[in-house]
Amino acid sequence: MFRLRFTTLVEAPLTVAFDVARGLGRPWRLPLEEVVSVRPARDVYAAAVGRGWVVHSRRFTATEAGTLVDEQVDAETGLPGVLGRVVERVLLRRRITRAMRAHLDGYAAVAARRALDVVQVVGAALVDGDRVLVAQRSGGPYDGCWEFPGGKVEPGEPELAALVRECAEELEVAVVPQGFLGEVPLDGVVAGGAPGASTMRVWWGRIEQGRPVAREHAQLRWVGAAELDALDWIPADRPLLPAVRDLLARL
Ligand SMILES: Nc1nc2c([nH]c(=O)n2[C@H]2C[C@H](O)[C@@H](COP(=O)(O)OP(=O)(O)OP(=O)(O)O)O2)c(=O)[nH]1
């Protein structure tokens, strides 16, 4: 048995990185069967070849710079002794590595292009001491739900510029982003795109100037880690709460 690992950083949200990877398929002709697929976090494909087998697994992780795609190919020739080792070293390892490298460059470029067509949402977890600012939506499908201030990134706008702009528009404050907290898929339609195509990326930040005013929300609240769970959040936001709690405990 041998194992090969490849990592690629893709300038695309999780959902786009995942969907493009699946759309392109695998970089070799041998068809693999899907074993498990958890959009947009991971998938595993496998095939049996004579007495050997191959398993290809991918993990998609949100990072500050984009989606990190971590791929692993495990394979077993099923051939005995020296013959098995020669086939493994001379044929399979080299061929798979070459095919993967060629495939991953093209994949990263396609995903980055496709990302330009998907409207992204950016959210701010604004922190003061051991509390974070939460905002209650007013109107629309999530009326009354709590969320992170923020909104849609305009075409061509850098993500953090959108974060600063949205906080100025919605809260009348100047904020300074401090660090990336996480990314979650949004189920619904964002800006007329395909359902589930967009994600929200949340950064934590501090208010540099001004006191937050609810210009677009029903109300704003500063809450501590222990109060986060009890709020009626937009469901998509809940997976981000552990990261917010960790942050508040760290500061
Ligand atoms: N701001 C924000 N939006 C969220 C959160 N969670 C979540 O699912 N969303 C969704 C709701 C909306 O479909 C989308 C954000 O759109 P928005 O309407 O707030 O964006 P915007 O400020 O640019 O709005 P608009 O002026 O274009 O109406 O993301 C969250 O925590 N904060």
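Let me start at one helix end: α1 is followed by G25, which has a positive phi, near 75°. Helices here are DSSP runs of H or I, at least four residues, and strands are runs of E, at least two, numbered from the N terminus.

This is a predicted model; local features need pLDDT of at least 70, side-chain atom pairs count only at pLDDT 80 or more, and totals for chains, interfaces and linings use all residues. Residues are numbered from 1 along each chain as its sequence is written.

Back to α1, residues 14-24. Eight of its eleven residues are buried, meaning 20 or more other C-beta atoms, placed from the backbone, within 10 Å of their own. Among them are L14, F18 and A21. The buried residues pack against β1, β4, β5, α2, β10 and β11; contact means C-beta atoms within 7 Å.

Next, the cores. A nonpolar core joins buried Ala, Val, Leu, Ile, Met, Phe, Trp, Tyr and Cys through C-beta atoms within 7 Å. The largest has 28 residues, and A124, A125, V132, L181, V202 and V244 touch the most other members. β6 gives the largest share, five residues. Which residues does A125 touch? Leaving out those up to four places away in sequence, V132, F148, L181, V202, W204 and V244. A second, separate core of 14 residues includes V10, A12, A17 and A21.

Last, the ligand. Around it are 15 residues, with E147, F148, G150, G151 and K152 coming nearest; the shell takes C-beta atoms within 6 Å, placed from the backbone. β9 gives the largest share of that shell, three residues.

Definitions and conventions:
Buried ≥ 20, exposed ≤ 12 C-beta atoms within 10 Å, placed from the backbone. Contact = placed C-beta atoms within 7 Å.
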